[in-house]
Amino acid sequence: MHPYWFTFEPIDHPTPLNLGAGVTARDDGDARRLIGEAFGGLAVADMAVLKNLDGLDQGHVIPNMGDILVRGIWFPLGYENTGSD
């Protein structure tokens, strides 16, 4: 399992997804599938494997994220059960 961080093409309205989205998945394909299921209407701009949490927004993402050790979406909250099996 690996944690990934996704950013999206600019979104024209205020949303937590303007910061990005975090997902823990088995591999790149699994991560893209989980993101697609949760946010299928958005174009992914970038995807990166997280080595640590230092690059994430310390004021918004870190205090508002779910469990990074469990497969699924951990930021933004509310999508944790997407793709659970």
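Reader: Hi! Let me start with R71: is R71 buried or exposed?

Author: R71 counts as buried, because its relative accessibility is 11%. Buried means under 20% relative accessible area, exposed means over 50%, and partly exposed is in between, with a 1.4 Å probe and protein chains only. Before we go on, this is a predicted model, where local features need pLDDT of at least 70, side-chain atom pairs count only at pLDDT 80 or more, and totals for chains, interfaces and linings use all residues. Residues are numbered from 1 along each chain as its sequence is written, and side-chain values use heavy atoms, with hydrogens and water left out.

Reader: OK. Where is R71 found?

Author: R71 is in the loop between β3 (44-49) and β4 (72-75). Helices (H or I, at least four residues) and strands (E, at least two) are DSSP runs, numbered from the N terminus.

Reader: And what does the side chain of R71 make a polar contact with?

Author: With the side chain of D30, at 2.8 Å. A polar contact is a pair of N or O atoms within 3.5 Å; within protein, one must be able to donate a hydrogen and the other to accept it, and residues adjacent in sequence count only if both atoms are side-chain atoms. D30 and R71 also form a salt bridge, with the closest N and O atoms 2.8 Å apart. D30 lies in helix α1 (residues 28-39) and R71 in the loop between β3 and β4, so the pair ties together parts that are 41 residues apart in sequence.

Reader: How many salt bridges does the structure hold?

Author: The structure holds 4. One of them joins the side chains of D30 and R26 (3.9 Å, N to O). D30 is buried, because its relative accessible area is 8%, while R26 is partly exposed at 44%.

Reader: Which residues are linked in the network of salt bridges?

Author: R26, D30, R33, E37 and R71. E37 and R33 both sit in helix α1, 4 residues apart, which is about one turn of the helix. E37 is partly exposed, with a relative accessible area of 43%, and R33 is partly exposed as well, at 38%.

Reader: Switching topic, what order do the strands have in the open sheet?

Author: The open sheet has 4 strands in the order β3-β1-β2-β4, with antiparallel pairing. Its edge strands are β3 and β4, since each pairs on one side only. On average, neighbouring strands are turned by 30 degrees against each other, direction ignored.

Reader: Which residue stands opposite T24 in β2?

Author: P3 does. P3 and T24 are 21 residues apart along the chain, and their C-alpha atoms are separated by 4.1 Å. T24 itself lies in strand β2 (residues 21-25) and is buried, with a relative accessible area of 2%.

Reader: What does the side chain of T24 reach at 2.6 Å?

Author: The backbone oxygen of I68. Not counting residues up to four places away in sequence, T24 touches several residues, including M1, L34, R71 and W74. Contact here means heavy atoms within 4.5 Å.

Reader: What about the largest nonpolar core, which residues touch the most other members?

Author: Of its 15 residues, those are Y4, F6, F8, V23, I35 and F39. The elements giving two or more residues to this core are β1 (2-8), β2 and α1, and the largest share, 5 residues, comes from α1. A second, separate core of 8 residues includes W5, L50, M65 and I68. A nonpolar core is a set of buried Ala, Val, Leu, Ile, Met, Phe, Trp, Tyr and Cys residues joined through side-chain atoms within 4.5 Å.

Reader: Last one: which peptide bond is cis, with omega near -5 degrees?

Author: The one from F75 to P76. P76 lies in the segment after β4.

Definitions and conventions. Two strands pair if DSSP finds at least two bridges between them. Axes are lines fitted to C-alpha atoms, for helices over the stretch in contact, and angles run from 0 to 180 degrees between N-to-C directions.
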